[in-house]
Amino acid sequence: MRARLIIFLLLAAGPAMSAAGQAERTLNAVITRGVVLTTPDYEIPITYAPDGTYSGQLGETAFQGRWRIEGAQLCASSSMSPTETCTEYPPGMGPGDAFEVNNPALGRVTVTINP
């Protein structure tokens, strides 16, 4: 009976572990490749550094900031928006993929991970 319970718990946890791994894959691709955020008015290229900093360009204005990962979220603050906000990223994305997220500072944006 105890063996069945352990097997059941492992099988039930499998999808959760898989989803966490897939979210980690997306965020790893984002921070190692960089992204382009697309809004109705702008394309905003962003490059992330391993030390938790990033830089980007909004029109003629360059900006810098700090980032960190919390679960499936990328949390960031910048010289343009000093209050940290967190955005949830979908699982299973990689280089070259494009998807939409709801960014607290920019609203609905399309994120394209650089190839």
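## Close-up views of a predicted model

**Figure 1. Ser-78 is a residue of strand β5.** In this predicted model, Ser-78 has a relative accessible area of 13% and is therefore buried. A polar atom of the Ser-78 side chain lies 3.1 Å from the backbone nitrogen of Met-80. When neighbours within four places in sequence are left aside, the residues in contact with Ser-78 are Tyr-54, Phe-63, Gln-64 and Gly-65. Two of these names, Tyr-54 and Phe-63, return in the aromatic cluster of the next view.

**Figure 2. One aromatic cluster is formed by Tyr-48, Tyr-54, Phe-63 and Trp-67.** The structure holds 4 aromatic pairs. In the pair of Tyr-48 and Tyr-54, the ring centres are 5.7 Å apart and the planes meet at 35°, so this pair is classed as tilted. Tyr-48 and Tyr-54 are both buried.

**Figure 3. Tyr-89 and Phe-99 form an edge-to-face aromatic pair.** Their ring centres are separated by 5.9 Å, with 75° between the planes. The pair links distant parts of the chain, 10 residues apart: Tyr-89 belongs to the loop between β6 and β7, and Phe-99 to strand β7. Tyr-89 is buried, as is Phe-99.

**Figure 4. The largest pocket has a volume of about 420 Å³.** Its lining comprises 22 residues, of which Leu-37, Tyr-54, Asn-103, Ala-105 and Leu-106 are the closest to the pocket centre. Five elements are named as giving two or more residues to this lining: β2 (43-48), β3 (53-58), β5 (73-78), β6 (85-88) and β7 (98-103). The largest share, 4 residues, is contributed by β5. By residue class, the lining of the largest pocket contains 15 nonpolar and 7 polar residues, and no charged ones.

**Figure 5. Asn-103, in strand β7, is one of the residues closest to the centre of the largest pocket.** The relative accessible area of Asn-103 is 15%, and the residue is therefore buried. The side chain of Asn-103 reaches the backbone nitrogen of Ala-105 at a distance of 2.8 Å. Ala-105 is also listed among the residues closest to the pocket centre. Not counting residues up to four places away in sequence, Asn-103 touches Thr-87 and Val-109.

**Figure 6. Thr-85 is situated in strand β6.** With a relative accessibility of 23%, Thr-85 counts as partly exposed, because the buried class requires a value under 20%. The C-alpha atoms of Thr-85 and Leu-74 are 8.3 Å apart in space, while the two residues are 11 residues apart in sequence. Apart from residues up to four places away in sequence, Thr-85 touches Leu-74, Cys-75, Ala-76 and Pro-104.

**Figure 7. Arg-33 is found in helix α1, which covers residues 2-33.** The relative accessibility of Arg-33 is 43%, and Arg-33 therefore counts as partly exposed. Arg-33 and Pro-95 are 62 residues apart in sequence, yet their C-alpha atoms are 7.1 Å apart in space. Residues touched by Arg-33, not counting those up to four places away in sequence, are Pro-95, Ile-113, Asn-114 and Pro-115. With Pro-115 there is also an approach between polar atoms: a polar atom of the Arg-33 side chain lies 3.0 Å from the backbone oxygen of Pro-115.

Figure 8. Among contacts in the protein with a separation of 6 or more, 31% are between residues 24 or more positions apart. The pairing of Arg-33 with Pro-95, which are 62 residues apart in sequence and in contact, is one example.

Technical notes
Residues are numbered from 1 along each chain as its sequence is written. This is a predicted model: local features need pLDDT of at least 70, side-chain atom pairs count only at pLDDT 80 or more; totals for chains, interfaces and linings use all residues. Side-chain values use heavy atoms; hydrogens and water are left out. On a 1 Å grid over the protein atoms alone, a cavity is a set of points where a 1.4 Å probe fits but cannot get out, and a pocket is an open set with protein on both sides within 12 Å along at least five of seven lines; lining residues have an atom within 4 Å of a point. Grid points are joined across faces, edges and corners, and a volume is the space filled by probe spheres set on the points. Ala, Val, Leu, Ile, Met, Phe, Trp, Tyr, Cys and Pro count as nonpolar, Asp, Glu, Lys and Arg as charged, and the others, Gly among them, as polar. Rings of Phe, Tyr and Trp (its six-membered ring) pair if their centres lie within 6.5 Å; planes under 30 degrees apart count as stacked, over 60 as edge-to-face and the rest as tilted. Buried means under 20% relative accessible area, exposed over 50%, partly exposed in between (1.4 Å probe, protein chains only). A polar contact is a pair of N or O atoms within 3.5 Å; within protein, one must be able to donate a hydrogen and the other to accept it, and residues adjacent in sequence count only if both atoms are side-chain atoms. Contact means heavy atoms within 4.5 Å.
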